[in-house]
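Me: I have a model open and would like to go through it with you. Shall we begin with a single residue and then widen the view?

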Amino acid sequence: MNALIVIDMQNDFIDGALGTAEAVSIVPNVKKKVSEYLASGGTVIYTRDTHTEDYLSTQEGKNLPVVHCVRGTEGWEIADGVYAEGSTVVDKPSFGSTELPKVLAGIPNLESIELVGLCTDICVISNAMILKAAFPEVPITVDSSCCAGVSPESHENALKAMAVCQIKIA
């Protein structure tokens, strides 16, 4: 079974509080990738950055003082047309999810993992590294055309760092 992990394709990261033109530009690619996985019988799992009203008092909030992805807000929602109804969503309070490997461990005959989403240089790389540690013999790919970073430069730096760690960059 092939698994697609869609990282934080949420309104606040696309065109909201932390949105960028690059993030907006990948939405059609991500929608197409989700459709392809579903059509081929693959599994699609989503992560959702999830904060509470006290975000600014957290360590992350003190270092990134922009309120975003507060549970229950429009910015927290996965973008229209990206979410495949009935798919698993893993809420995460931080960049990487320690729950994600547990969800993937429940997939019989896991053959490959592919990651797409936002932001390449924060949450995508964090989850890619966690998954590489949890599944060292499962091929992991990041589709660069379905990812965007905080800046184009940091996107490229993250892709290079993942490639050094034997994560395939497509």
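This is a predicted model: local features need pLDDT of at least 70, side-chain atom pairs count only at pLDDT 80 or more; totals for chains, interfaces and linings use all residues.

Me: Is Thr141 buried or exposed?
Reply: Thr141 has a relative accessible area of 16%, and because buried means under 20%, Thr141 counts as buried.

Me: Which residues does Thr141 touch, leaving out those up to four places away in sequence?
Reply: Thr141 touches Ile113, Glu114 and Leu115, and also Ile167, Lys168 and Ala170.

Me: How far apart are Thr141 and Gly72?
Reply: From C-alpha to C-alpha they are 31 Å apart in space, with a sequence separation of 69 residues.

Me: Let us move to Asp49. Where does Asp49 lie?
Reply: Asp49 lies in strand β2, which covers residues 43-49. Its relative accessibility is 1%, so Asp49 counts as buried.

Me: Which side chains make polar contacts with the side chain of Asp49?
Reply: His51 is one of them, with its side chain at 2.9 Å. The side chain of His68 makes another polar contact with that of Asp49, at 3.1 Å.

Me: What else does Asp49 touch, again without residues up to four places away?
Reply: Besides His68, the residues touched by Asp49 include Asp8, Gln10, Phe13, Cys69, Trp76, Lys92 and Ser94.

Me: Asp8 is on that list. Where is the place of Asp8?
Reply: Asp8 sits in the loop between β1 (2-7) and α1 (11-14). With 0% relative accessibility, Asp8 counts as buried. The side chain of Asp8 makes a polar contact with the side chain of Lys92, at 2.8 Å. Lys92 is also among the residues that Asp49 touches.

Me: What does Asp8 touch beyond Asp49 and Lys92?
Reply: Not counting residues up to four places away in sequence, Asp8 also touches Phe13, Thr47, Arg48, Leu118 and Cys123.

Me: Now the backbone. Which residues have a positive phi although they are not glycine?
Reply: Asp8 is one of them, with a phi of about 50 degrees. Cys69 also has a positive phi, of about 50 degrees. In general, most residues other than glycine have a negative phi.

Me: Where is Cys69 found, and is Cys69 buried or exposed?
Reply: Cys69 is found in the loop between α3 (59-63) and β3 (88-92). Its relative accessible area is 0%, so Cys69 is buried.

Me: Which residues are joined by a cis peptide bond?
Reply: Leu118 and Cys119 are joined by one, with omega at about -25 degrees. Cys119 is in the loop between β4 (112-118) and α5 (120-134). Leu118 is also among the residues touched by Asp8.

Me: Stepping back, how many helices and strands does the protein have?
Reply: The protein has 6 helices and 6 strands, and along the sequence they follow the pattern β-α-α-β-α-β-α-β-α-β-α-β. The radius of gyration is 15 Å, close to the 15 Å from the globule rule for 170 residues, so the protein is as compact as a globular protein of that length.

Me: What share of the residues counts as buried?
Reply: Of the 170 residues, 48% count as buried. Among contacts between residues at least 6 apart in sequence, 76% join residues at least 24 apart.

Me: Finally, how many positive and negative side chains are there?
Reply: There are 11 positive and 22 negative side chains, and the centres of the two sets lie 5 Å apart.

Definitions and conventions
Residues are numbered from 1 along each chain as its sequence is written. Side-chain values use heavy atoms; hydrogens and water are left out. Helices (H or I, at least four residues) and strands (E, at least two) are DSSP runs, numbered from the N terminus. Buried means under 20% relative accessible area, exposed over 50%, partly exposed in between (1.4 Å probe, protein chains only). A polar contact is a pair of N or O atoms within 3.5 Å; within protein, one must be able to donate a hydrogen and the other to accept it, and residues adjacent in sequence count only if both atoms are side-chain atoms. Contact means heavy atoms within 4.5 Å. The radius of gyration is taken over C-alpha atoms; the globule rule is 2.2 Å times the number of residues to the power 0.38. Lys and Arg count as positive and Asp and Glu as negative; His and the chain ends are not counted. The place of a charge is taken as NZ of Lys, CZ of Arg, CG of Asp or CD of Glu.
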